[in-house]
There are 2 protein chains.
Amino acid sequence: MSKIENKILTDLVYEKLKAMIDDGVLTPGEKINKLDLSRLLGVSQTPINDALSRLAGEKFLEQRSRQGYYVRAFTDEELVALFEMRGALEGMAIRLCCENATDEQLKELSRCFEGFSFPLDEKGYQEYVHADKTFHEKLIRYSGNPILWELSRTSGYMIKSNMKGLTRPPEETYPEHLAMIKALQNRNGDEAQQMMIQHHLRSRNVFRAKLKQKEPGTP
Amino acid sequence: MSKIENKILTDLVYEKLKAMIDDGVLTPGEKINKLDLSRLLGVSQTPINDALSRLAGEKFLEQRSRQGYYVRAFTDEELVALFEMRGALEGMAIRLCCENATDEQLKELSRCFEGFSFPLDEKGYQEYVHADKTFHEKLIRYSGNPILWELSRTSGYMIKSNMKGLTRPPEETYPEHLAMIKALQNRNGDEAQQMMIQHHLRSRNVFRAKLKQKEPGTP
């Protein structure tokens, strides 16, 4: 097989594996079985190996000495760190949106949370989860910072599947999202950044409190 | 050669290549010559290939279709983005230091800039550059956030060699560092974070202004 074919195959295998991690088909902590993958995707071990190395570099996978690759699982400490990380990156993203986003992009952001009425039924809840994801992703895209955007696409830190069950209820985050949209419309970067930082730190604090409940007797 | 030996060799080659990029032995934009590396490091192509894939995943290298690996070069737009990125990450780091660092760690941070008197001679300037690097690295380490720390060690975004010639003069950054140290001592996370964000955004603005001077006629 030529090198060019290998490069294209590696890219395909890489995208496929990333999607499998993101969709939870490969679960955190799971060992990667190269032979199974090779059969499933119908490719040789070479592009599989290349893709696995790349995914390890991007922290989606963890390479353990003598044992092979595992889907990265986050410890409770790392999940706490994840909220702080998102606060840092998305706080800067929303500030930069105030500087750089076009009026049309700001309108698009404003429309993310239109039409919700509380209490939400199951369908409304799913729509809210989708709107939430869209809003945060668009903020990063419209920030005009190519490195923030690249990091959000390639970094294992931002994997959304790891966030399931960790988020606060819509009743709590909805007014925060509206307040951020208002700051965006006023192009008030300082205020928007502060709000986003607090938005994620509050989630961190709720998650931390849950952890403490799980371990009674812990100070 | 056994798989175990290969894993250890890959780690060694990986660390060696990262140091070569960081020290500027391999320069931004340079093509990686696998055969040369293989001879230089006295290892086969297998650990070289594994290390190159990992470094591409971490954005130290760029893999171009049909052409191989190149040391990542930052465009002007990406350098601007880099300052914003550092403002985001280190802004959160200094806030978390206010929450989490021990009194002893805060004292250590405070001592980073002791003993400087201006104007600096060449030796003093070198010491200041070192103190600057130490201060920012320790902030990330003492933040208590393992993901920030991991990212600062493995991410191509933080490569310091790319920052040479881009930093502001010590006369300008010294009082900012002292103000941040004061906020740290008061454990005022909000203030410290704001200062750090502005610290890096000011550097960004100076860099942007230099870019405009380079291209007369640009609006």
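Trainee: Where in chain A is A:Arg168 found?
Mentor: This is a predicted model, in which local features need pLDDT of at least 70, side-chain atom pairs count only at pLDDT 80 or more, and totals for chains, interfaces and linings use all residues. Residues are numbered from 1 along each chain as its sequence is written, chains are lettered from A and ligands numbered from 1 in the order in which they are written, and side-chain values use heavy atoms, with hydrogens and water left out. Helices here are DSSP runs (H or I, at least four residues), numbered from the N terminus. With that numbering, A:Arg168 sits in the loop between helix 7 (146-154) and helix 8 of chain A.

Trainee: Is A:Arg168 buried or exposed?
Mentor: The scale is relative accessible area with a 1.4 Å probe, protein chains only: under 20% is buried, over 50% is exposed, and in between is partly exposed. A:Arg168 has a value of 7%, so this residue is buried.

Trainee: Which backbone oxygen does the side chain of A:Arg168 reach?
Mentor: Let's begin with its side-chain partner: A:Arg168 makes a polar contact with the side chain of A:Glu172 at 3.1 Å. A polar contact is a pair of N or O atoms within 3.5 Å; within protein, one must be able to donate a hydrogen and the other to accept it, and residues adjacent in sequence count only if both atoms are side-chain atoms. Leaving aside neighbours within four places in sequence, A:Arg168 is in contact (heavy atoms within 4.5 Å) with residues including A:Arg202, A:Ser203 and A:Val206. The backbone oxygen, reached at 2.9 Å, belongs to A:His199.

Trainee: What is phi of A:Arg187, roughly?
Mentor: A:Arg187 is in the loop between helix 8 (170-185) and helix 9 (189-214) of chain A. At 32% relative accessibility, A:Arg187 counts as partly exposed. Although A:Arg187 is not a glycine, its phi is positive, about 50°.

Trainee: Which two residues of chain B does a cis peptide bond join?
Mentor: Look in the loop between helix 5 (103-111) and helix 6 (122-142) of chain B, where B:Pro119 lies. The omega of the cis bond is about -5°. The residues joined are B:Phe118 and B:Pro119.

Trainee: How are the two copies related?
Mentor: Copies are superposed by least squares on the C-alpha atoms of residues with pLDDT of at least 70 in both. A rotation of 180° with 0.0 Å of shift along its axis brings chain B onto chain A, with RMSD 0.0 Å. The copies are therefore related as by a two-fold rotation axis.

Trainee: What is the area buried between chain B and chain A?
Mentor: In contact are 43 residues of chain B and 43 residues of chain A. Buried area is the accessible area (1.4 Å probe) that two parts lose on being put together, summed over both. Carbon and sulfur atoms give 59% of the total, which is about 3600 Å².

Trainee: Which helix of chain B gives the largest share of the side that touches chain A?
Mentor: Four salt bridges are counted between the chains, a salt bridge being a side-chain nitrogen of Lys or Arg within 4 Å of a carboxyl oxygen of Asp or Glu. One of the elements that give two or more residues to this side of chain B is helix 9 (189-214). The largest share, 13 residues, comes from helix 4.
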